[in-house]
Amino acid sequence: MSDPAQPPAIVAETVGAIGLVGIDNPPVNAVSHAVREELLAAVTRLGADPAIQAIALYGRGRTFIAGSDIREFRAPSKPPLLTEVCSAIEACAKPVVAVIHGTALGGGLEVALAAHARVALAGTVVGFPEVTLGVIPGAGGTQRAPRLAGIPAALDLITTGKRIDAEAARDLGLVDLVVGEGEPRELALKAAADALAGALPVRRTGELAARPDEAALAAATEALARSAPNLFSPHRTVEAVAAATGPLAAGLKRERELFEACRASPQRAGLIHAFFAERAVAKIPEAKAAPRPVAAIGIVGGGTMGSGIATSALLAGLSVTLVERDEAALEAARARIAANLDGAVKRGKLTAQRRDAILAGVLRGATDLAALGEADLLIEAVFEDMAVKRELFGRLDAIAKAGAVLATNTSYLDVNAIAAATARPADVIGLHFFSPAHIMKLLEVVVADETAPEVVATGFALAKKLGKIAVRAGVCDGFIGNRILSHDKKAAEYLVLDGASPAQVDAALEAFGFAMGPFAVSDLAGLDIGFMERKRLAPTRPAAERYSRVADRLVEAGALGRKTGRGFYTYEGKSRAENPEALAIIAEERAAAGLAPRTFGADEIVARYMTAMIAEAARVVEDGTALRPIDVDAVLLFGYGFPRFRGGPLHHADTVGAAELIARIEAYAAEDPHFWRVPAILADMAANGSTFAARND
Ligand code: COA
Ligand code: NAD
């Protein structure tokens with residue numbers, strides 16, 4: 001039974017001979033248990049009412065149905081299942097029409113496909129995002145979409161999770177009619193009346209046949225083997241669609257079995273964690289503070305980062321003034337931004353006219369900081385050097401207008417020390433973008449001791465405007481992401497000193513799901529970046545810390561990674577090969593340290609690397625640098641290519657368990673007690689049988 005304390009999730013009414021069924025479960029009309037129960041009851045009751053001749057389904061509020069309630073996938077579904085509700089809609093003796101607006105995704109589209117006709121308001125988005133959540137459509141989507149659109153089109157939608165507009169859905173046969181405007185309830189009344197008058201043809205989808213297409217199924221299987229070798233659910237969608245050529249009841253049964261196998265898989269849990277991580281990070285202590293208005297951005301430094309940040313701001317419709325050291329550097333920055341904008345035009349994100357307008361005036365360049373006096377928010381992206389940054393902030397303090405936000409894009413440096421170079425530390429914040437800044441989704445918002453709440457809120461509002469995911473971080477060396485990266489990279493270096501090759505380490509971690517292993521990533525970023533970091537930290541490096549000189553020696557030999565064609569690997573075109581020069585240096589370093597190389601299997605490589613990552617991630621939560629474990633997961637997922645289906649390092653940690661992680665750390669500590677230390681938070685979790693997930697609530 002529905003909870004009587006809750007408002008109804010379905011608003012059913014009769015208007016003459018028409019039964020109207022409005023789905024009313026704000027904010028997005030997700031199909032929860034209550035929606036299923038009340039929808040089934042309403043359709044059954046109206047279907048049996050002799051006074052009713054037709055039924056129309058529509059969504060109240062901003063959307064039709066955004067999908068099944070994703071939170072409910074965590075537990076076995078409570079009856080009635082949505083597939084039963086859809087079967088009841090399809091079996092109804094009266095014509096049932098669905099009017100869709102906003103989104104009809106996943107379970108929402110399945111409800112619509114079970115109706116006897118579909119009318120979409122222009123602008124409606126439809127699709128089957130289930131594979132992005134580790135499941136498959138489980139309420140007839142894999143059986144009814146092929147019957148309406150054919151097997152190739154259904155496979156294209158269901159295996160990828162792509163979203164299409166109403167017109168494209170009509171062209172595929174998933175929607176019968178697209179209307180330009182109207183209010184959903186009124187359109188629902190009209191659609192039902194049209195169905196009764198014969199003006200809107202009705203039919204039961206399940207009575208149609210799906211034409212067999214073995215070639216399309218084989219092509220989809222082959223494509224997934226290439227594009228999603230590590231994923232479980234996309235492969236199951238092909239098996240489910242293959243059953244659509246037989247009787248509907250048998251196909252629905254097969255779909256259900258496959259859905260349940262996906263629902264029980266760890267990948268489903270990881271992908272749903274990632275979905276909520278993207279949204280959870282917005283819940284910050286400063287959420288209620290009013291952001292300051294930002295229309296004009298000032299950027300100092302137009303190198304890799306400054307030009308990427310400028311591109312991102314320009315694409316979001318903000319005006320940008322960029323300051324470089326001299327005319328030549330300014331020209332180079334403009335060329336980089338123009339190339340980025342050309343890329344956006346090619347990807348269809350920008351019109352050629354808009355690009356030309358941006359380059360003709362929306363982007364302004366200068367070599368004098370005085371040009372930044374009117375900017376609402378200034379971002380510094382100059383060299384990673386504390387003296388340079390402090391001197392610059394002192395000058396910006398004298399130039400920026402009152403109330404302007406002063407942001408630094410530093411990767412590692414102390415934002416408090418940078419803020420202290422101004423007389424307005426409350427206006428200073430870290431906005432740590434990732435390279436390429438106009439593409440990468442993550443923005444770490446680094447909150448210093450005196451940063452004002454509305455300045456933090458402004459950082460989050462800017463991220464939203466730029467289409468980025470902001471995560472709140474505290475001040476420490478490297479904030480959340482780079483601090484963890486510095487630590488786990490050491491674990492990878494130690495594995496190499498002890499006997500693994502860089503290629504073995506990368507291959508093991510790529511098989512685990514990382515887009516690139518740590519040595520391939522270092523080569524891509526440039527080995528000089530880590531080299532400078534190590535030099536900066538050398539004076540404070542503890543004597544007990546193991547140190548690998550391999551990367552330093554590669555830099556000294558001019559092997560800086562991809563940009564010089566050689567680093568840990570050699571590069572030719574798109575292919576990489578082990579670099580004999582690197583292997584020789586590794587052998588020399590092992591010999592100098594008196595180390596006899598050991599053999600490491602892929603499982604041990606992953607265990608050591610992941611345990612190091614989790615240990616530092618745990619300390620980041622423990623000392624408050626991250627608000628919650630889920631914030632750390634978001635940083636690694638959206639900024640560092642962590643495999644989404646594993647949910648992030650601390651979600652993954654829960655699947656391993658605190659006791660096992662401690663056992664590993666203690667075993668490794670026998671070799672290196674300085675590096676391998678048990679974080680207090682992990683010890684506490686093991687003692688209390690608790691999880692990182694429990695700390696997200
Ligand atoms: N189940 C449960 N909760 C959902 C949900 C779903 N299917 N879809 C959205 N929500 C929640 C969000 O978590 C968010 O909650 P919060 O405010 O507590 O953080 C709220 O609804 C609003 O969603 P949000 O994504 O912030 O709104 P939006 O307007 O930017 O986007 C959608 C709306 C529908 C496009 C987007 O939420 C979406 O893509 N949802 C997932 C759809 C999906 O995958 N459905 C298939 C399920 S089978
Ligand atoms: P870069 O060397 O490509 O660019 C720096 C630019 O700043 C140069 O074009 C230089 O001419 C200019 N510059 C230096 N001093 C200046 C001044 N006083 N006034 C005006 N311009 C000046 O460096 P980058 O990779 O773009 O890094 C910039 C900052 O961003 C650093 O703090 C870095 O740590 C950080 N960061 C870099 C990355 C990355 O992947 N490259 C990622 C995140 C953050």
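Biologist: In this predicted model, which helix gives the most to the shell around ligand 1?

Modeller: Helix H11, residues 266–280, gives the most, with three residues in that shell.

Biologist: Which residues come nearest to ligand 1?

Modeller: Of the 19 residues around ligand 1, the nearest are Arg62, Ala66, Ser68, Ile70 and Arg279. By type, the shell divides into 11 nonpolar, two polar and six charged residues.

Biologist: What makes the approach of Ser68 to ligand 1 a polar contact?

Modeller: A polar backbone atom of Ser68 is 2.9 Å from a nitrogen atom of ligand 1. The cut-off for a pair of N or O atoms is 3.5 Å, so this pair counts. Ile70 also has a polar backbone atom 2.9 Å from a nitrogen atom of ligand 1. With Arg163 it is a polar side-chain atom, 3.0 Å from an oxygen atom of the ligand.

Biologist: How much of ligand 1 does the protein bury?

Modeller: The protein buries 71% of the 870 Å² that ligand 1 exposes when taken alone.

Biologist: Let's turn to the rings. Why are Phe514 and Tyr609 called an edge-to-face pair?

Modeller: Their centres are 6.1 Å apart and their planes stand at 90 degrees.

Biologist: How do you know whether Phe514 and Tyr609 are buried or exposed?

Modeller: Buried means under 20% relative accessible area. Phe514 has 8% and Tyr609 has 5%, so each is called buried.

Biologist: What other ring pairs with Phe514?

Modeller: Phe514 also forms an edge-to-face pair with Phe642, at 5.3 Å centre to centre and 85 degrees between the planes. Phe642 is in the loop between helices H25 and H26, so this pair joins parts 128 residues apart in sequence. Phe642 is buried, as is Phe514.

Biologist: And what makes you say that the charge of Arg236 sits over a ring?

Modeller: The charged end of Arg236 is 4.6 Å from the centre of the Phe232 ring, and it sits over that ring. The distance limit is 6 Å, so 4.6 Å passes that part of the test. Likewise, the charged end of Arg576 sits over the ring of Tyr569, 4.6 Å from its centre.

Terms used:
Residues are numbered from 1 along each chain as its sequence is written. Chains are lettered from A and ligands numbered from 1 in the order in which they are written. This is a predicted model: local features need pLDDT of at least 70, side-chain atom pairs count only at pLDDT 80 or more; totals for chains, interfaces and linings use all residues. Side-chain values use heavy atoms; hydrogens and water are left out. Rings of Phe, Tyr and Trp (its six-membered ring) pair if their centres lie within 6.5 Å; planes under 30 degrees apart count as stacked, over 60 as edge-to-face and the rest as tilted. Buried means under 20% relative accessible area, exposed over 50%, partly exposed in between (1.4 Å probe, protein chains only). Helices (H or I, at least four residues) and strands (E, at least two) are DSSP runs, numbered from the N terminus. A charge sits over a ring if NZ of Lys or CZ of Arg is within 6 Å of the ring centre and within 35 degrees of the ring normal. A residue is near a molecule or strand if one of its heavy atoms lies within 4 Å of it. A polar contact is a pair of N or O atoms within 3.5 Å; within protein, one must be able to donate a hydrogen and the other to accept it, and residues adjacent in sequence count only if both atoms are side-chain atoms. Accessible areas come from the Shrake-Rupley method with a 1.4 Å probe; for residues, only the protein chains shown count as cover. Ala, Val, Leu, Ile, Met, Phe, Trp, Tyr, Cys and Pro count as nonpolar, Asp, Glu, Lys and Arg as charged, and the others, Gly among them, as polar.
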